[in-house]
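This briefing walks through a set of local features, topic by topic, for a reader who is new to reading protein structures. Please keep the sequence and the structure open while you read, and find each residue as it comes up.

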Amino acid sequence: MWFRQMVAVGLACSAGAAFALPVLNNPHGPEVAGQKVLYSVFSSRPKHLDPLVTYNLDDSVFIDQIYEPPLEYHYLKRPYQLQPLTLTRMPVVEFLDAQGHVMSRASSRTVYSRYTFEIKPGIMYQPHPAFAKNKKGEAVYQFASAAESKVITSFSDFTETGTKELTADDYIYQIKRMADPTLQMPIWDLVSHYIVGLTELRDDIQTIRAQYPDQWINLNEFLLSGVKQQGKYQFTITLRGVYPQFKYWLAFHFFAPIPMEVDRFYHQPGLAEKNISLDFYPVGTGPYRMTKQNFNEEIVLERNPNYHDDFYPSEGEAGDIENGLLKDAGKKLPFIDKVSFRLETEAIPVWTKFLQGYYDRSGISSDSFDQAVNVTVEGIGLSDDMQHKGVQLSRSLDPATYYLGFNMLDNVVGGFDDKQRKLRQAIAIAYDQQEYISIFSNGRGEVASSPIPPGVFGYQPVGLEKKSIADAKRLLAEAGYPGGRDAKTGKPLVLNLDTTTGGSADAARNTWLMKQFKKIDIELNIRATDYNRFQEKMEKGNAQIYFWGWFADYPDPENFLFLLYGPNGRVGSGGSGVNSSNYNNPQYNVLFDQVKNMEDSPQRLAIIRKMLEIVRRDTPWASAFHPQSFVLSNAWVMNFKPHGISKSNLKYQNIDEALRKTKRREWNQPVLWPLVCLAIVILLVTVPGYRAYQRRMTRKVLQGNSQ
Amino acid sequence: MIAYIIRRIFYAFPILLGVNIITFALFFMVNSPDQMAQVQLGIKHITPEAIAHWKTQHGYNKPLFVNAAEDSKGYFTDTIFFDKSVRLFIFDFGKSDQGRSIAQDISERMLPSLAVQIPVFVIGLSVNIVVALMVVMFRASVFELSAMVICVAMFSVSGVFYIIGGQFLFGKLWNLVPISGYLHGINALPFLILPVIVGVISGIGGGTRLYRMIFMNEIHRDYIRTARAKGVSELGVLFKHLLPNAMIPILTGIVVVIPSLFMGSLLMESFFGIPGLGSFTIDGIQAQDFSIVRSMVFLGSVLYIIGLILTDISYTLVDPRVRLS
């Protein structure tokens, strides 16, 4: 095809035709007419595609289009709201006493909470060989030994497929898989704490595994006391105590259904050695299925032909109508037939291909920020070039918090006595977070007044008046370091920022940081090491001041307040805790234990305010900010709205294929004059070059030429 | 010659063992199995149990070099080094830390590397030799001086400049070729044009200077004067007499490179998005995947040794005076 295009270009040039030339720089393969394809990128290979094992944003981009947990987030509404995905309605929650009698939530006898789920009938899995059956109703692919499965060398050798209806036992099977110690579910500690019977199930599985180490175990034969099937489409989950955040996990792929047939299929002898496993070949009921998984080049998702009825939302938040986000209200999903993700490790080619129209969306790196965006007194907007191309800019504050923290175990900056507190408060005043955002994030962020980001209950916009440097110096003096020197020894106060080694951008940031501390006469020493050493320092409590961040698992304040919860300390937990400051205030801890399981209410808000006041006084973090995402979409991309929590949004997006084709053609006309010039230059050089050769050959020896 | 080749192959074993030991030592000097587990697990809540499980699954739960807890047999064999590195000698590359077959990845990625490297090599060599011969033909002239100055300038410029400049001009400004990417089969051709052009142009400076120096050593020989005296044209003198006699030093540099073509170019493949062995190695280093790193270092060493042996054999073909003993 490329050759034909080149010939066409050559003919057009020679004929001097004035019509548009064919495009030569398309990096995508031949497209099927009438098929809507979205082109995107991935920069790092997925680590796991098993929904129980992965806890990685990079993996979620793919598997969240394939797997369907019971709930999902509403695409358009803000604050984030949950809604049923495969259920007929939201799960019914009942509170039980020790004998199983239904109680009220507030009752002191409440010991358990029981969730009842009802699945919609008729939801079918994607076509998959695990479901292929012969005329007798037996599975087509059954291998008793590795020798029998030798004929299968790759997944594409499975030519027959089938499907199956989603039923309650599929969800139950997945919950039982959580107890399998070989899978190492990331939040095992949490689910085993709450789901009744899960710890006992793990013990049972370990016992059987010890006896039959190489045999596949059918988890349907094991009892899980806290999860019961009530019918073909109904099941219940019983939790210990009250755990309102459990509903958010029900929207996470950990709770996606996995039928026993799939587990048995992938555990057949000889398949794991060929990487034919659930970790490489996901299978779900979602709008897409993975049809190509070359992690070195391209991952392709294609429409699941068996996808159930699902429709574009008919309501959103204020401004969605004006932004054209409700034009497709009520229409059947998904709109896009195929999504192609190409591996791109360098930023420049991605940006260039976006400008050429070959990628439909792009982020904005610092290098291309000025090219894409204008920052004026009125605010941030697209550059003229982007506006001319019809590019759309979507901005959203991420449910995330990045902060500069103090190690509270350090004997200089840590601790709870008055002087240590004042030292931290002085630094917090001197550190200009807004300036940091302006310089190093191109203004993409908002100064945080607390760990809780926008869109999450308990969020507080910055309102407190910032204190002056004079106040900071006064606090520093009260802390025992007047003028930045130890009042007793006279030595200058030198603090250490522990960070990872980086490039020139880090050098600029470090210089800026040193200036911040210099405002109050403190010397800041940058201790940059590689990532592994830095992690080791954090785990052992050897860091003094550091940068860290947290992205929400779910939109609940507990998911951010726990970053300062004492028992979550990184050092105390052997490195697995999220409290990187090792902050441990008993009063805060007590309030956290109260607030973590409360529903959103004025009472909860009041407790959160008290907790934030404690944190403000103790200042375990010098400063924090909530990052803002800028995403650019080409003019033909429709229905795109960034969602801070959910990644399962490809089904809502749409593209105007005809517009894309027109724009690509317009933007990528080959420029041929350089080739013409090169040909002319070669010609111009050849003629005198030949003459020079002739002169050299006919030159007489005796005329003083000694070569 | 057969005895010579067999002897060289035996000499290769201690060399490869040394390469393995050094690679192993250097890698684990900066990475510990715990840290590798954290990078591979890549999850928010990494528990000590998850790290221990990963290490057990991937064979990193043993001591590095020696196992003091084992008896004499297991002292050396029940270690990470024995498991991961000694098996390479039977070309058992095993699986990467992400669970993919390394041998399969190598076989898949070799072809894209060769698709770029072979044209760069053949075309680059041809262009360098022709330009060097032209410079020799116009020696002691303004042309030679200018050419050498340009060659030094081109040689001094970083390869990354050529890559980015080529992408900017040909891919972005003139829209003549895709800026990066790769498709298989015949569809790969548009994606190879720019990397090949960049590879050839970036090598002209150094290659021309090297071959010019080799040719200048030969141009004053008696057989050249004799050829001229017989009335052979200057082009005939250069291509039919000078070039064949300059082949030995040229072969030194060429044949040893040929096996390394399989390994690809780290920079080119990263920037042009070519899924070859060069980008495979870079990705393995960035992911702290020891299985990939040790496989690629071992494979590179084997190919280099093969290149050296082939160089010695090629001497006997171009110079009948040379005997291997």
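In this predicted model, A:Pro79 sits in the loop of chain A that runs between strand E2 (71–73) and strand E3 (82–84).

**Backbone features of chain A**

- A cis peptide bond also joins A:Leu333 and A:Pro334, where omega is about -5°, and A:Pro334 belongs to the loop between E10 and E11 of chain A.
- A:Asn442, which is not a glycine, has a positive phi near 55°, and this residue is placed in the loop between helix H12 (433–440) and strand E17 (445–447) of chain A.
- Is A:Asn442 buried or exposed? With a relative accessible area of 16%, A:Asn442 counts as buried, because the cut-off for that word is under 20%.
- A:Thr619 likewise is not a glycine and has a positive phi, of about 50°; A:Thr619 lies in the loop between H18 and E21 of chain A, and it is buried, with a relative accessible area of 7%.

- A:Asp337 is found in the loop between strand E10 (298–303) and strand E11 (338–343) of chain A, and its side chain reaches the backbone nitrogen of A:Lys36 at 2.8 Å.
- Leaving aside neighbours within four places in sequence, the residues in contact with A:Asp337 include A:Gly34, A:Gln35 and A:Lys36, as well as A:Tyr288 and A:Leu301.
- A:Tyr248 is part of helix H6 (residues 246–249) of chain A, and with a relative accessible area of 9% this tyrosine is buried.
- Which residues does A:Tyr248 touch, not counting those up to four places away in sequence? They are A:Tyr73, A:Leu82, A:Tyr554, A:Pro555 and A:Asp556.
- A:Gln628 belongs to strand E21 (residues 621–633) of chain A, and although A:Gln628 and A:Glu446 are 182 residues apart in sequence, their C-alpha atoms are 7.4 Å apart in space.
- Among the residues that A:Gln628 touches, again not counting those up to four places away in sequence, are A:Arg395, A:Ser396, A:Leu397 and A:Asp398, together with A:Gly443 and A:Arg444.

**Helix H17 of chain A**

- The buried residues of helix H17 (residues 586–595) of chain A are A:Tyr588, A:Asn589, A:Leu591, A:Phe592 and A:Val595.
- Seen down the axis of H17(A), these buried residues fall within an arc of 165°, and therefore they line one face of the helix.
- What do the buried residues of H17(A) pack against? Their partners are helix H16 (558–561) and helix H18 (602–618) of chain A.
- The N-terminal end of H17(A) is capped by A:Asn585, which has a side-chain oxygen 2.9 Å from the backbone nitrogen of A:Gln587.

**Chain B and its helix H6**

- Chain B contains 15 helices and zero strands, and its C-alpha atoms fill a box of roughly 80 × 55 × 35 Å along the principal axes.
- Of the 325 residues of chain B, 51% count as buried, and among its contacts with a separation of 6 or more, 70% come from residues 24 or more positions apart.
- Helix H6 (residues 102–137) of chain B has 36 residues, which at 1.5 Å a residue should span 52 Å, and its end C-alpha atoms are 50 Å apart, in agreement with that expectation.
- H6(B) bends by about 30° at B:Arg109, and a proline, B:Pro112, follows within four residues.
- B:Ser101 caps the N-terminal end of H6(B), through a side-chain oxygen that lies 3.2 Å from the backbone nitrogen of B:Gln104.

**Cysteines**

- How many disulfides does a search of the whole structure find? Over all chains, the search finds zero.
- A:Cys677 is partly exposed, with a relative accessible area of 37%, whereas B:Cys151 is buried, with a relative accessible area of 5%.

Notes
Residues are numbered from 1 along each chain as its sequence is written. Chains are lettered from A and ligands numbered from 1 in the order in which they are written. Side-chain values use heavy atoms; hydrogens and water are left out. Buried means under 20% relative accessible area, exposed over 50%, partly exposed in between (1.4 Å probe, protein chains only). Helices (H or I, at least four residues) and strands (E, at least two) are DSSP runs, numbered from the N terminus. The arc is that of the directions from the helix axis to the C-beta atoms. Contact means heavy atoms within 4.5 Å. A polar contact is a pair of N or O atoms within 3.5 Å; within protein, one must be able to donate a hydrogen and the other to accept it, and residues adjacent in sequence count only if both atoms are side-chain atoms. The expected span of a helix is 1.5 Å times one less than its number of residues. The bend at a residue is the angle between axes fitted to the seven residues ending there and the seven starting there. A disulfide is a pair of cysteine sulfur atoms within 2.5 Å.
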